Amino acid sequence: MAWRAASPRLRAHLLLSRRQGIASCIDPSAGLTEEQKEFQKVALDFATKEMAPHMAEWDEKEIFPVETMRKAAQLGFGGIYVKPDVGGSGLSRLDTSVIFEALSTGCTSTTAYMSIHNMCAWMIDSFGNEEQRHKFCPSLCSMEKFASYCLTEPGSGSDAASLLTSAKRKGDTYVLNGSKAFISGGGDTDVYVVMCRTGGPGPKGISCMVLEKGTPGLSFGKKEKKVGWNSQPTRAVIFEDCVVPVENRLGAEGQGFSIAMKGLNGGRINIGAAHASVLLAQEHLTVRKQFGEPLANNQYLQFRLAEMATRLVAARLMVRNAARALQEEREDAAVLCSMAKLFATDECFAICNQALQMHGGYGYLKDYAVQQFVRDIRVHQILEGTNEVMRMIVARNLLQV
């Protein structure tokens, strides 16, 4: 009786914490090693206890949950695939995808920011020199400091290689001018990994700089009002004669676009909240009655639930396959990441949307978690390369001679 009388949000929270009731066909631990199952369990426990109970409040009040993320960092989630010598956990890309899938059941929006933060830390770890690695990575891995990825501009979204933010060399510094748009964490974070133009047109003229908050000439636009992803602030990042030391450049001049794309490959395999939505739909069909019997007895809804579960498992397998390819540095890793991002985000949005539909009018109420999963996951079809661009990448790979 206590379960039936609980609020919809509390019921969702309790449901996600019960692992014994998960059907084996959608069990996210299937195929994992014992060690990976342990990582997953830690992440699921954290999502259930520290994130899910606050997900609605973070969304409604637009709270950036800094202290909660720092607790996650204590578990090693601040630099999951960063090397241990600078404070990272040194885990694989597959381990990372498992952890982020688990965390996203607690709050997709917050997990998405954590994925971006991890990507920035990895970029510095992988392409920075020893001084840069030891200067920036420890505080990022502990989440004492937070990072933002700055590629998109008002005039260059999908066509990222046409970015206009300039970095003019002046002695042992660069002077940056321009702006970035839709930057997750912008204004609230401490470290900005910025792609800017040091050379001529096209990708080979782009370099990567690391800027710290408080740098003269660095400012921020207004906080954007968004459909979802409300637990992380989004602002424009503005550079006005912003002076950055040459020693803050990652890699060589002209290497920035390559660094940016390699970072995104990792980001593209870290997203999804469909598993939670399938569980919520499953539970709702069981307890909700219409025409004198549970919705679960309706064959049409049974078939739709079966399709949702099948798409969920297919998306999960694609993501994990791409993660393995990325870890092994295979030649096809980038295109497999694009395929996984395209398929998983399209299918996972469809799953969450169908789960909302199964809830009927209740699904449209903010008392029910499913609507927040729909709002938070929708942008995943747009960010880190739109799904149209993912199709272009796959097609080019297939048709290249």
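Modeller: A polar contact is a pair of N or O atoms within 3.5 Å; within protein, one atom must be able to donate a hydrogen and the other to accept it, and residues adjacent in sequence count only if both atoms are side-chain atoms. The model is predicted, so local features need pLDDT of at least 70 and side-chain atom pairs count only at pLDDT 80 or more, while totals for chains, interfaces and linings use all residues. Residues are numbered from 1 along each chain as its sequence is written, and side-chain values use heavy atoms, with hydrogens and water left out.

Gln354 sits in helix H12, residues 333-358 (helices, H or I, are DSSP runs of at least four residues and strands, E, of at least two, numbered from the N terminus). Gln354 counts as buried because its relative accessibility is 13% (buried is under 20% relative accessible area, exposed over 50%, partly exposed in between, with a 1.4 Å probe and protein chains only). Leaving out residues up to four places away in sequence, Gln354 touches Arg304 and Met308 (contact means heavy atoms within 4.5 Å). Glu307 is 47 residues from Gln354 in sequence, and their C-alpha atoms are 10 Å apart.

Now the helix pair. Helix H11 covers residues 299-327 and packs against H12 at about 155°, with the axes 8 Å apart (axes are lines fitted to C-alpha atoms, for helices over the stretch in contact, with angles from 0 to 180 degrees between N-to-C directions). H11 and H12 are therefore roughly antiparallel (over 145 degrees; under 35 is roughly parallel, 65 to 115 roughly perpendicular, the rest oblique). Their crossing is left-handed (the near helix is turned anticlockwise from the far one by less than a right angle; clockwise gives right-handed). The residues of this contact divide into 23 nonpolar, 2 polar and 3 charged (Ala, Val, Leu, Ile, Met, Phe, Trp, Tyr, Cys and Pro count as nonpolar, Asp, Glu, Lys and Arg as charged, and the others, Gly among them, as polar).

Helix H3 (residues 34-51) and helix H5 (residues 66-74) have axes that come within 11 Å and cross at roughly 155°. That makes H3 roughly antiparallel to H5. The crossing of H3 and H5 is right-handed. H3 contributes Phe46, Glu50 and Met51 to the contact, and H5 contributes Thr68, Lys71 and Ala72. By class, these residues are 3 nonpolar, 1 polar and 2 charged.

A polar contact also occurs at a strand residue. Ser184 belongs to strand E3, residues 173-184, and its side chain meets that of Gln232 at 2.9 Å. With a relative accessibility of 9%, Ser184 counts as buried. Residues touching Ser184, beyond four places in sequence, include Tyr113, Ser148 and Trp229. Phe182 also lies in E3, but Phe182 is exposed, at 61% relative accessible area. Phi of Phe182 is positive, near 60°, in a residue other than glycine. Phe291 has a positive phi too, about 55°, and is found in the loop between strand E9 (289-290) and strand E10 (293-294). At 83% relative accessibility, Phe291 counts as exposed.
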